[in-house]
Amino acid sequence: MSTYDRSMALTGQPPKEISRNQKIATLIGLSGLAIILLAAFNVSFPNKALWLSISMAAITTGTIWFSWEAYSKKLPGIKNDGVWFKSISSQGFWGWIAGIALTTFYIVLYFYPEYLGLVKNGENKGVIALFDPLSRMLSGNPASQWFVYGTLYTVAILAFGIKFMWKYRHNRYERIRTMSVMFFQTAFAFIIPELMARLNGDKILNGGSLPYYDLKNVWPLNYYNFEGYRIKSFLSSGDIGFALLIFGILSVFVITPILTYKYGKRWYCSWVCGCGGLAETAGDSFRQLSDKTVKAWNIERWVVHSVVVFVTLMTTAVIYSYLGTDTSKYWLTKSTFLIGVAVLLTVVFTLVMVFKRKELQKDAQYGAIGYFVIIMALIGMHFLSGDGNVFLFKSETLRKSYSFLIGSIFSGVIGTGFYPILGNRVWCRFGCPMAAMMGFQQRLFSKFRITTNGGQCISCGNCSTYCEMGIDVRAYAQKGENIVRSSCVGCGICSAVCPRGVLKLENGPLQGRIDSNQVLLGNDVDLMTLVNKN
Amino acid sequence: MENIVIIGNGIAGVSAARHIRKLSDKRIIIISAETDYFFSRTALMYVYMGHMKFEHIQPYENWFWEKNRIELVRGYVTHVQTKEKQLLIDGSRAIQYDKLIIATGSKPNKFGWPGQDLHGVQGLYSKQDLDLLEVNAPNKETCKRAVIVGGGLIGIELAEMLRSRDIPVTFLVRENSFWNGVLPKGESQLINEHIEEHHIDLRLATNLKEIVSDENGKVKSVIIAETGEELQCDMVGLTAGVTPNIDFLKDSGIELGRGVKVNRFLETNVADVYAIGDCAEQHEAIGNRRPIEAVWYTGRMMGETVAQTICGNRIEYKPGHWFNSAKFLDIEYQTYGWVFSERNKKDHEEHFHWRHATEKLCVTIAFDKDSHQFLGINTFGIRMRHEIFDRWLTEEKNIDYVIEHLQDVNFDPEFYKNYEHEIVSKFNMDFGKSIKPKKKSIRRIFNLKPQHN
């Protein structure tokens, strides 16, 4: 029988009780949230700018003070004492409460923004009105539910980012990485797009107006980037608009592959991405909750790659829908585009099947062939039938279903709402098509790996437990194998929590990167030859 | 089909089972009295500290065993009847074997201290010890002070565990500096300081005289031999090393010393009976190693070796270059090759020692005074590459080469501060050399052959 779960205390066992100062800090943080909650119930604050500042300051101060109390009096080192005794971080009572609260918030945000006070064609009310002054200051426009969300999101990454940096103050990789996500969230996701909105209508854009564009948000994570209304806005906004559109295309086909080849997908997932940023900071307390079973891994591979297929079909259909048919007007017509997509997919498929087939498991090969055949058949059927709909459905239907199922439910409600239940990277692991595509490259064509240090592994399981992506790191390390997994986001925590210095994230030569030999050093050489003989 | 029975589901027994399964179709049965499934013994501490749940320290999912046709039996082997080739579980149930592997590990040492069997007195080795610790020291209210007796690796782990629940700890160490039978004095000193930084009441050169009972047969205090001082406490941890766990073999006819006596093929004096891991004792020590090696890594290696022998490739147990690792509270320790403490050092072994001025980092490199051959390294707080040191030891590199190429060896995470320049200049100063550190080379690190196009 396990002995650690005897206590019925909501706050965990007595030795892990939070200190008095931490209780005050929690109260301050919650009071900041309370202001927002009051606003949601239409309590009208007289000086909105002041009350919003108080609220944000309280949330930030509360979080930072709480962390200071937790870490400042301890020596630098791993700070996981009592993680599985605290109910918030071990799927206990408070974990479920937090999960339900977050999920509710996301449902309201996505589907019932009017409860937050959104008023179309009129003065905002409630929470959104509270954020109006800040929004006007940045972009000149009133706030929307997305502005509220963006602000809270940024505050969370900044406050919890500071917590994370204190927690790992002995680890420079973690500190620098966290500064990076804090920077990209604040500058690229939050401030720059808001300021860019000020240019709208200006003559520098030829009087056009740019779509809201977080430059680091790359397709297919940014699944709507190439939708008709956005292309129109880009193209109507002069050279700047055109440059941004070109950047959007380059970031998919040039920048991402090059950086992923050199550094693995971590350059994005745990250094730049906003979803990753929130997961690594506010979600850090929940990383140990990810499921490590082989079963979960199998589900992950099918689900995440199906999302890739879905987003590819959807985007193709959407772009197809607004392209013309007349080659004399514009070279890119419906047919040229579809043929282009078919050629590109065929080239990637063929290259992988010819050169990398051996590195794919059987079911991955079948999956790849299956999906390839389906996409090609759909494209072929379209040409044969001459129907206006591509892929059996109206492009609008595909777009709406993707946006609802993947964009809202999966990435928001489940992805973040379920942090305290399923772990902090559910979206990144099971849903994100960007992560899946980079992962595919990372597994097959990248210099990145986690090196296992000879025979030093003691199979303790810290690495696997704290892997937010649910990778059973130990399974490789204890055999002396390097870890080369498509899902690895390179957060570096496995290496940090390893008590024996066994794991190192590094970029090295492709030669010998994946070595499935058992290389448990310390053994006699003859024995190792025998062990590795099949 | 041959019937292989393994007593003990620790790393040695399980490694043997896994490798026998890889090589053959034999029937494999593992018997354990301790737990249903294999777990990482070295990770028990993290369960008490709340870093992991017990299920997390089990390296294989529960379906693994059935899938690989490894049968698991829960029970305590009380008799081994080598003539009948059978063993009795819990005194009655008989299991036949064709080949028997004994991998029963260790048990904590008890040196006959008065009061050593009182309630509240325990070692830290098994899952049962962990469960007992939850009873003896669940929190600082029940356990107002704990006393740990014995300054080795388990002692400092137990201290760390108790401190994670804010329980005051007094740590009695027989030596005049922590673990200085193994560590050279500079390193031992570094750990002394670190122990005190963690608010552990470290008592060096201090022996236990007796453990005093209260009226209920529970520990009340301990008395220190040197001073006669009485320390009130609610729990006493006995961590003065371990002994092979072989009492059940007394009448089996298998030759026993401190452990089960084995030859280099890990065979006992009785045909078809083998012993591996902590409980095996070599007739003669291999190289600088001890006849009994109670180390995770050697258990694993012996398991792999005996699997070959049982499957028809009779080979000797030939461990390669010595290596080991540990973590002292926040300080990671790795060792490659041999670095002996002042107490056990031979005349020809010379040490180079570097310690950082403020951080808890240090390195000791041992080399031969006359030939300058590199013998081994201890590193504290800086991770280093096993593979490269293994190669250097095989190639018998000299100390100058090692110092010059130190940057290749660094295994710290990216962006960590590097100290190689500092280390090299200290070496140059100590030994009147002028070695310039070579830049880190990917080609050397990964041992790449030059590419020809």
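Is D166(B) buried, partly exposed or exposed? With 15 other C-beta atoms within 10 Å, D166(B) comes out as partly exposed, because the count for a buried residue starts at 20 or more and the count for an exposed one stops at 12 or fewer. Keep in mind that this is a predicted model.

D166(B) has another thing going for it: its phi is near 60 degrees, a positive value in a residue other than glycine. You'll find D166(B) in the loop between helix 5 (153-163) and strand 11 (169-172) of chain B.

A205(B) has a positive phi too, near 50 degrees, and it isn't a glycine either. Look for A205(B) in the loop between strand 12 (201-203) and strand 13 (208-213) of chain B. A205(B) is exposed, with 11 other C-beta atoms within 10 Å.

Over in chain A, the peptide bond between W219(A) and P220(A) is cis, with omega at about 10 degrees. P220(A) belongs to the loop between helix 6 and helix 7 (228-235) of chain A.

As a rule, nonpolar side chains in soluble globular proteins tend to be buried together.

| Helix pair (chain A) | Axis distance | Angle |
|---|---|---|
| Helix 5 and helix 10 (residues 274-281) | 8 Å | about 45 degrees |
| Helix 11 (residues 294-322) and helix 17 (residues 433-444) | within 8 Å | roughly 105 degrees |
| Helix 3 (residues 93-111) and helix 14 (residues 395-414) | within 9 Å | roughly 150 degrees |

At that angle, helix 5 and helix 10 of chain A are oblique to each other, and their crossing is left-handed. Helix 5 of chain A brings Y153(A), A156(A), I157(A), F160(A), G161(A) and F164(A), while helix 10 of chain A brings G277(A), L278(A), E280(A) and T281(A). By class, that contact has 6 nonpolar, 3 polar and 1 charged residues.

Next, helix 11 and helix 17 of chain A: their angle makes them roughly perpendicular. V304(A), H305(A), V307(A), V308(A) and V311(A) of helix 11 meet P433(A), A436(A) and M437(A) of helix 17. This contact has 7 nonpolar, 1 polar and no charged residues.

Helix 3 of chain A passes helix 14 of chain A in a right-handed crossing. Here T103(A), Y106(A), I107(A) and Y110(A) of helix 3 touch S408(A), G412(A) and V413(A) of helix 14. The tally is 4 nonpolar, 3 polar and no charged residues.

**Where the chains meet**

How many residues of chain A are in contact with chain B? There are 52, and they are in contact with 55 residues of chain B. On the chain A side, the elements giving two or more residues are helix 6 (172-196), helix 18 (462-465), strand 2 (503-507) and helix 21 (525-532). Helix 21 of chain A has the largest share, 4 residues. By class, this side has 19 nonpolar, 25 polar and 8 charged residues.

R383(B) reaches across to chain A: its contacts are G501(A), E332(B), Q334(B), F411(B) and D412(B), leaving aside neighbours within four places in sequence. R383(B) is buried, with 24 other C-beta atoms within 10 Å, and is found in the loop between strand 25 (374-380) and helix 8 (386-394) of chain B. R383(B) and E332(B) are 51 residues apart along the chain, yet their C-alpha atoms are separated by 7.7 Å.

Methods: Residues numbered from 1 in each chain as written. Chains lettered and ligands numbered in written order. Predicted model: local features only at pLDDT ≥ 70, side-chain atom pairs only at ≥ 80, totals over all residues. Axes fitted to C-alpha atoms, helices over the stretch in contact; angles between N-to-C directions. Parallel < 35°, antiparallel > 145°, perpendicular 65-115°, else oblique. Left-handed = near helix turned anticlockwise from the far one by under 90°. Contact = placed C-beta atoms within 7 Å. Nonpolar A, V, L, I, M, F, W, Y, C, P; charged D, E, K, R; others polar.
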